[in-house]
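I opened this notebook to record what I looked up in one structure. The entries follow in the order in which I made them.

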Amino acid sequence: MGEVYLARDPKINRDVAIKVLPAAYSENSDRLRRFEQEAQAAGAINHPNILSIYDVDTHDGSPYVVSELLDGSTLREQLNGNGLAVRKSVDYALQIASGLSAAHAKGIVHRDLKPENLFITKDGRLKILDFGLAKLIEQPHENEVHTDVPTRIFNTDPGAIMGTVGYMSPEQVRAERVDHRSDIFSLGTILYEMLAGKRAFDGASTVETLNAILKEDPKELSNSNSQINPALERVVMH
């Protein structure tokens, strides 16, 4: 959704990351104000599993966020089309849940949890990225059904599934109001993918994927990974 730059903060002599968003995101002043409020609120949460936000502002009509600089890779890059070891998957899921719990306790809902928004530092710390951004790009009328869902495409092959679609909660698919339970659903889909090596909802097209979220249960995890404990599978499916 933007470009990220390495920058130097001369006031306290530290490296930071600056994410600059397209100017089009600032055209709706109400959405921009809500984004700034939510990003600042997320920045006020002192939690090891949430990216630290230092500043939120606008320059030449483009919103930007200044955050801590992380060294590592996204969960998407770690998955790379495969699953992870059970122990590592559970460790990552616990860190995601811990960060979400802290945000939800403050009334902050992420709305766009997916492997691209989860970053693993070189020392194994998981960080949740981009709190507030989903609020900035959401459609102006939450109760309307839209076909142009703002998402990121994994690849450019014809019929490629869009990144956000496979992790949306049913209420997001229906364009209904969301709360913290939507993030919990997305966490479940991410944990499923870490363990199974494939997405929980993976249709041949965007429409089929959305229908699967509404009407189908994911295949049993034990079909993909015989090492998964039945108790863990029950947690994931719940």
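**Entry 1: ground rules.** I note that this is a predicted model, in which local features need pLDDT of at least 70 and side-chain atom pairs count only at pLDDT 80 or more, while totals for chains, interfaces and linings use all residues. Residues are numbered from 1 along each chain as its sequence is written, and side-chain values use heavy atoms, with hydrogens and water left out.

**Entry 2: the cavity.** I searched the whole structure and found one cavity of 30 Å³ or more. A cavity is a set of points on a 1 Å grid over the protein atoms alone where a 1.4 Å probe fits but cannot get out, and lining residues have an atom within 4 Å of a point. The largest cavity holds about 30 Å³ of space, a volume being the space filled by probe spheres set on the points, which are joined across faces, edges and corners. I listed its lining as Arg111, Asp112, Leu113, Thr164, Tyr167, Met168, Gln172 and Ser186. By class, that lining has three nonpolar, three polar and two charged residues (nonpolar: Ala, Val, Leu, Ile, Met, Phe, Trp, Tyr, Cys and Pro; charged: Asp, Glu, Lys and Arg; polar: the others, Gly among them).

**Entry 3: a residue of that lining.** I then looked up glutamine 172, which is placed in helix 5 (residues 170-173); helices are DSSP runs of H or I with at least four residues, strands are runs of E with at least two, and both are numbered from the N terminus. Glutamine 172 has a relative accessible area of 16% and is therefore buried (buried is under 20%, exposed over 50%, partly exposed in between, with a 1.4 Å probe and protein chains only). Apart from neighbours within four places in sequence, glutamine 172 is in contact with Arg111, Tyr167, Val178, Ser182 and Ser186, contact meaning heavy atoms within 4.5 Å.

**Entry 4: the second largest pocket.** A pocket is an open set of points with protein on both sides within 12 Å along at least five of seven lines. I recorded a volume of about 510 Å³ for the second largest pocket. Its lining counts 22 residues, with Ile184, Gly188, Val235, Val236 and His238 nearest its centre. Helix 3 (86-105), helix 6 (180-196) and helix 8 (230-237) are the elements that give two or more residues to this lining. Helix 6 supplies the largest share, seven residues. I counted the classes in this lining as 17 nonpolar, three polar and two charged.

**Entry 5: aromatic rings.** How many aromatic pairs does the structure hold? I found one. The rings of phenylalanine 185 and phenylalanine 201 have centres 6.0 Å apart and planes at 10°, so the pair is stacked (rings of Phe, Tyr and Trp, its six-membered ring, pair with centres within 6.5 Å; planes under 30 degrees apart are stacked, over 60 edge-to-face and the rest tilted). Phenylalanine 185 lies in helix 6 and phenylalanine 201 in the loop between helix 6 and helix 7 (206-215), so the pair ties together parts 16 residues apart in sequence. Phenylalanine 185 is partly exposed at 26% relative accessible area, whereas phenylalanine 201 is buried at 6%.

**Entry 6: threonine 74.** I located threonine 74 in strand 5 (residues 72-74). Threonine 74 counts as buried at 16% relative accessibility. Not counting residues up to four places away in sequence, threonine 74 touches Pro115, Glu116, Leu118 and Phe119.
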